[in-house]
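Let's take a friendly walk through one protein model, piece by piece. Have a look at the sequence and the structure first, and then read on.

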Amino acid sequence: MIKKPFASRLSAVSEPESMAMAKMAMSASSDVINMTWGQPDFDTPAHVKEAAIRSIMDRKIGYTVSSGIPELREAVCALYENLYGTPYSPSDEVLIVPGAKQGLMYIMQALLDPGDEVVVLEPCWLSYKDIIQLNGGVPVSLSAGENLKPSVELVEAAISSKTKAILINNPINPSGYIYSYEELAQLAELAERHDCYLISDEIYDRIAFTQFVSLAEFSDIRERLIIVNGFSKSYAMTGWRVGYLLASAEVISRVSLVHQHSATCASAPSQFAALAAATGPQDIVKEMTRAYQSRRDLLVEGMKGAPFDLVAPAGTFYAMLRISKIPEEFCGNSEYLLKEYGIASVNGAPYGDSVSEYVRLSFCCEEDVLNKAIKKLTS
Ligand code: PLP
């Protein structure tokens with residue numbers, strides 16, 4: 001038997017609870033409604049799939065340039081410029097990566113020395129703390145305010161001499177919150193004054209039901225801003241594994257060293273698929289977002305009068321549910337919801353201690369399934 005231990009940094013992390021719950025829901029009885037999914041229920045658009053098939057048939061199957069095929073880098077920069085008016089240079093200010101999650105891993109690997117701190121605002125995506133810890137960093141987590149509002153006003157006090165970065169997700173998984181322009185301006189000013197990086201994970205930027213402002217619009221902080229985004233959510237392409245980072249040439253050159261020595265490049269056919277997604281008709285993104293919005297409305301309306309408080313999301317395809325009128329020990333316990341109501345959800349605790357009384361519901365399901373879920377939750 002091997003006695004040598006695994007690296008101590010592994011002891012702080014565990015399997016993402018959303019994945020564990022999704023597995024459990026899949027093996028549960030067929031009556032159970034699975035609301036754990038963190039991925040669109042839509043198919044990847046046909047022209048995107050065809051582009052990948054074409055690339056395979058044309059033998060575009062080898063390694064690509066590590067930073068990504070030039071056409072995709074151009075398309076991604078054009079997308080951000082069209083959406084948010086901010087130009088990035090396709091030659092040295094963008095990196096195509098195998099998914100936004102991998103991109104975050106690279107950033108932390110490139111930025112953090114042991115003990116460096118990263119400020120995160122609850123509720124925050126459950127992988128952030130683990131990704132920071134896996135790279136020797138210390139997450140400094142700030143409690144959510146009323147109605148799960150991220151506590152921007154607490155950020156300054158949390159910044160120390162060890163703070164390397166502030167990491168936000170906008171719109172937020174799991175609450176669907178969208179930061180206001182003023183809140184983003186405040187974060188930008190703090191990052192500038194305290195000389196730290198500001199990392200903005202905008203993977204749900206297109207799934208917004210109200211005005212969304214990208215931190216890319218704040219050109220003054222360009223040197224310290226790192227945008228994380230990808231194709232998974234907006235284009236229903238989770239399994240294709242294509243994401244991208246936008247940042248200064250210096251940041252991209254450092255982060256790309258980690259990428260070159262780990263993945264080499266994102267999968268070639270997936271990059272051609274992503275190119276078709278970014279340059280093809282964008283109405284499909286709007287259509288999917290309209291569907292999520294109508295499900296959101298259905299859920300918010302349907303849950304009125306239920307023994308739970310739903311925090312209405314302004315974006316994403318998630319909503320947080322506060323289980324307030326049941327025995328206290330069950331608050332935020334997805335097992336209770338599963339046993340009593342036949343709904344599989346994800347516990348709130350992994351998204352932050354301050355949201356442990358909540359569970360996350362995903363509405364990546366057809367409206368008739370959602371109606372059934374609402375019926376179960378209100379009866
Ligand atoms: N960032 C957030 C906030 C997410 O919720 C997810 C996936 O759930 C990701 C990043 C990962 O995206 P990708 O599929 O591009 O790795």
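A residue is called buried if its relative accessible area is under 20%, exposed if it is over 50%, and partly exposed in between, using a 1.4 Å probe and protein chains only. Helices (H or I, at least four residues) and strands (E, at least two) are DSSP runs, numbered from the N terminus. This is a predicted model, in which local features need pLDDT of at least 70 and side-chain atom pairs count only at pLDDT 80 or more, while totals for chains, interfaces and linings use all residues. Residues are numbered from 1 along each chain as its sequence is written, and side-chain values use heavy atoms, with hydrogens and water left out.

Let's begin with strand β10, which covers residues 318–322. This strand is mostly covered, as four of its five residues are buried. To follow its neighbours, you need one rule: two strands pair if DSSP finds at least two bridges between them.

On one side, β10 runs antiparallel to strand β9 (residues 309–311), and three bridges join them. Find Asp309 and you will see Arg322 of β10 opposite. The hairpin of β9 and β10 has six residues between the strands, and Thr316 takes a positive phi near 70 degrees there.

β10 also runs antiparallel to strand β13 (residues 358–362), this time with five bridges. Here Tyr318 has Ser362 of β13 as its bridge partner.

Which order do the strands of this open sheet follow? The order of the four strands is β9-β10-β13-β12, and the pairing is antiparallel. β9 and β12 (346–347) are at the edges with a single partner strand each, so one side of each has no neighbour in the sheet.

## Strand β8 and its partners

Now move to strand β8, residues 243–246. Gly243 and Leu245 point one way from this strand, Tyr244 and Leu246 point the other way, and all are buried. Strand β2 (residues 94–97) pairs with β8 in the antiparallel sense over four bridges, with Leu95 opposite Leu245. Strand β7 (residues 225–230) pairs with β8 over four bridges too, again in the antiparallel sense. In that pairing, Asn229 stands opposite Tyr244.

## Two pairs of packed helices

Two packed helices are described by the angle between their axes and the distance between the axes. The axes are lines fitted to C-alpha atoms, for helices over the stretch in contact, and angles run from 0 to 180 degrees between N-to-C directions. Here are the two pairs:

| Helices | Angle | Axis distance |
|---|---|---|
| α4 (residues 100–111) and α5 (residues 127–134) | roughly 40 degrees | within 9 Å |
| α2 (residues 46–57) and α9 (residues 268–279) | about 145 degrees | 8 Å |

Angles under 35 degrees count as roughly parallel, over 145 as roughly antiparallel, 65 to 115 as roughly perpendicular and the rest as oblique. α4 and α5 are therefore oblique to each other.

A crossing is left-handed if the near helix is turned anticlockwise from the far one by less than a right angle, and right-handed if clockwise. α4 and α5 cross in the right-handed way. Their contact (heavy atoms within 4.5 Å) involves Lys101, Leu104, Met105 and Met108 of α4 together with Ser127, Tyr128, Ile131, Ile132 and Leu134 of α5. Of these contact residues, seven are nonpolar, one is polar and one is charged. In this grouping, Ala, Val, Leu, Ile, Met, Phe, Trp, Tyr, Cys and Pro count as nonpolar, Asp, Glu, Lys and Arg as charged, and the others, Gly among them, as polar.

The crossing of α2 and α9 is right-handed. From α2, His47, Val48, Ala51, Ala52, Ser55 and Ile56 meet Pro269, Phe272, Ala273, Ala276 and Ala277 of α9. This contact has nine nonpolar residues, two polar and no charged.

## Details in the loops

Finally, let's visit some loops. The peptide bond from Glu122 to Pro123 is cis, with omega near -5 degrees, and Pro123 sits in the loop between β3 (117–121) and α5. Another cis peptide bond links Asn170 and Pro171, with omega about -10 degrees. Pro171 belongs to the loop between β5 (163–169) and α7 (181–193).

Is Asn147 buried or exposed? Asn147 is exposed, with a relative accessible area of 57%. This residue is not a glycine, yet has a positive phi of about 60 degrees. Look for Asn147 in the loop between β4 (138–142) and α6 (155–158). Thr264, also a residue other than glycine, has a positive phi near 75 degrees. Thr264 lies in the loop between α8 (249–260) and α9 and counts as partly exposed at 28% relative accessibility.
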